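The following report describes the architecture of a two-chain model and then turns to selected residues.

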Amino acid sequence: MAKVKILPEYCKSCRLCIEACPKGVLKIGDKANAKGYYTVIAADEEKCNGCTLCAIVCPDVAIEVYK
Amino acid sequence: MEKVFGRPKGLTEVPFSFCPGCTHGIIMRLIGEVLEELDIIEDTIGVSPVGCAGFSQDFFTCDFVGGPHGRAQAIGTGIKRALPDKIVFTYQGDGDIAGIGTQHAIHTAARGERITSIMVNNAIYGMTGGQMAPTTLAGMKTSTSPHGRDLVINGHPIDLPKTIATLDGAVYVASVSADSPKNIIQAKKAIKKAFQVQQAGLGFSFVSVLSTCPTNWGLSPQDSLQWLRDNMMPVYKLGELKVTEEVKNL
């Protein structure tokens with residue numbers, strides 16, 4: 001069991017996490033944050049294995065991973 | 001469930017002010033993690049320069065001093081000599097440390113000041129609008145070299161870590177990259193080693209990190225990373241360029 005949590009107030013929608021995720025868990029959501037960025041969401045949450053690759057490449061420390 | 005990845009204690013809660021996809025944030029997070037892991041947040045004084053890196057003081061939980069353009073290492077030298085028990089590091093862009101502050105970069109290393117300098121190399125002056133820097137690659141188009149850097153007119157790019165590695169006062173010099181998970185993990189190891197070298201008082205430690213500037217390169221964040229791999233890595237070779245025997249024994 002693993003869980004990825006996106007912090008929308010930090011996300012800038014740069015998509016680096018989406019490209020890094022080997023399981024295709026993440027995608028751009030349909031809600032914008034206060035800065036106007038459509039933030040990333042964990043669309044396929046149950047596929048997450050907690051590898052943290054998305055968090056390692058996130059330039060805005062907008063991802064927390066739980067295992 | 002237990003949190004296995006999150007914001008390190010070395011960083012404040014302030015969101016980074018950088019453009020989307022800019023790898024500055026990754027490098028700052030690595031430093032924040034190292035400060036936490038070595039338990040030196042309270043003992044560390046950072047020096048920020050001018051440029052995008054000049055926002056550093058907002059993002060780290062350690063103390064910070066802001067310096068004039070290119071002079072961070074001169075200020076770092078003063079702080080370290082007055083307060084030798086403190087850990088002192090500078091966080092500078094390539095335009096700052098390899099252009100405007102080249103003399104400080106050379107002489108801080110030559111004097112073997114017991115400080116750590118982190119250089120973020122994106123081959124341009126980022127904040128001011130993507131002008132050509134000393135690190136701009138041959139043929140690279142920037143806002144002040146619209147036809148590409150001409151080596152006859154503009155000279156050759158400077159590989160600063162390679163230069164610093166030739167100086168006796170520098171005991172640890174590494175060139176790393178923030179483009180992929182593997183390289184980011186390598187970068188963190190190098191940054192941690194650089195701080196450990198300072199803790200041991202061995203001499204000047206220097207880490208150059210290859211970084212992107214999607215905004216001024218005119219590329220998407222993902223394409224910027226590929227551009228870095230294709231164009232910067234062949235010129236600025238990665239690896240530990242200098243590790244003295246004392247550092248190896250750490």
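Of the 67 residues of chain A, 52% count as buried, where buried means under 20% relative accessible area, exposed means over 50%, and partly exposed covers the range in between (1.4 Å probe, protein chains only). The model is predicted, with local features needing pLDDT of at least 70 and side-chain atom pairs counting only at pLDDT 80 or more, while totals for chains, interfaces and linings use all residues. Residues are numbered from 1 along each chain as its sequence is written, chains are lettered from A and ligands numbered from 1 in the order in which they are written, and side-chain values use heavy atoms, with hydrogens and water left out.

**Chain A**

Chain A contains two helices and four strands, arranged from the N terminus as β-α-β-β-α-β. These elements are DSSP runs numbered from the N terminus: helices are H or I with at least four residues, and strands are E with at least two. The radius of gyration of chain A is 11 Å, in agreement with the value near 11 Å for a compact globule of 67 residues; this radius is taken over C-alpha atoms, and the globule rule is 2.2 Å times the number of residues to the power 0.38.

**Chain B**

Chain B comprises 11 helices and 10 strands. Its radius of gyration is 17 Å, close to the 18 Å that the globule rule gives for 250 residues, so chain B is as compact as a globular protein of that length. Of these 250 residues, 57% count as buried.

The table sets out like quantities for the two chains. Contact means heavy atoms within 4.5 Å, and accessible areas come from the Shrake-Rupley method with a 1.4 Å probe, only the protein chains shown counting as cover for residues.

| Quantity | Chain A | Chain B |
|---|---|---|
| Accessible surface | Chain A: about 3,300 Å² | Chain B: about 9,900 Å² |
| Carbon and sulfur part of that surface | Chain A: 51% | Chain B: 54% |
| Contacts between residues at least 6 apart in sequence that join residues at least 24 apart | Chain A: 55% | Chain B: 70% |

**Selected residues of chain B**

His24(B) belongs to helix H1 (residues 24-37) of chain B and is buried, with a relative accessible area of 5%. Its side chain makes a polar contact with the side chain of Tyr91(B) at 2.7 Å. A polar contact is a pair of N or O atoms within 3.5 Å; within protein, one must be able to donate a hydrogen and the other to accept it, and residues adjacent in sequence count only if both atoms are side-chain atoms. Leaving aside residues up to four places away in sequence, His24(B) touches Phe18(B), Cys52(B), Ala53(B), Tyr91(B), Val120(B) and Ser211(B).

Glu42(B) sits in the loop between H1 and strand E2 (44-48) of chain B and is exposed, at 68% relative accessible area.

**Positive phi values**

Ser13(A) is not a glycine, yet has a positive phi of about 60°. Ser13(A) is placed in the loop between strand E1 (3-6) and helix H1 (16-20) of chain A, and counts as partly exposed at 21% relative accessibility. Ala123(B), also a residue other than glycine, has a positive phi near 65°. Ala123(B) lies in the loop between strand E5 (116-121) and strand E6 (124-125) of chain B and is buried, with a relative accessible area of 0%.
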